[in-house]
Amino acid sequence: MRVCGIDCGSVTTGYGVVEWDDGARQPELTWLASGGISPPKKTPLPQRLALIHASLCTLFEQYRPDT
């Protein structure tokens, strides 16, 4: 199972992506990605939110999380 966690914020939005494999002999959690999305602070809020949304859509397309 692939999971994406998001720490919401209008200045910086953090994210992390991990994968849980419980089908292996010993269950394993693997880090795939993490980071922050920080649009320019002087950008008006609607445009900052649009940039965050676009970045998260790209992240979801790349990692295809299950939840």
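Reader: Which residue in β3 is the bridge partner of Tyr15?

Author: First, the terms: helices (H or I, at least four residues) and strands (E, at least two) are DSSP runs, numbered from the N terminus, and two strands pair if DSSP finds at least two bridges between them. Here, the partner of Tyr15 is Gly35 in β3. Gly14 is opposite Gly36 in β3. Strands β2 (residues 13-21) and β3 (residues 28-37) are antiparallel, with 9 bridges, and a hairpin of 6 residues joins them.

Reader: What should I know about the model itself?

Author: The model is predicted: local features need pLDDT of at least 70 and side-chain atom pairs pLDDT 80 or more, while totals for chains, interfaces and linings use all residues. Residues are numbered from 1 along each chain as its sequence is written, and side-chain values use heavy atoms, without hydrogens or water.

Reader: In what sense do β1 and β2 pair, and over how many bridges?

Author: Strand β1 (residues 2-7) pairs with β2 in the antiparallel sense over 6 bridges. Arg2 has Glu19 in β2 as its bridge partner. The hairpin formed by β1 and β2 has 5 residues between the strands.

Reader: Which residues make up the largest nonpolar core?

Author: A nonpolar core is a set of buried Ala, Val, Leu, Ile, Met, Phe, Trp, Tyr and Cys residues joined through side-chain atoms within 4.5 Å; buried means under 20% relative accessible area (1.4 Å probe, protein chains only). In this model the largest one has 8 residues: Cys4, Val17, Ala33, Ile37, Ile52, Leu56, Leu59 and Tyr63. The elements giving two or more residues to this core are β3 and α1 (45-63), and α1 gives the most, with 4 residues.

Notes. Buried means under 20% relative accessible area, exposed over 50%, partly exposed in between (1.4 Å probe, protein chains only).
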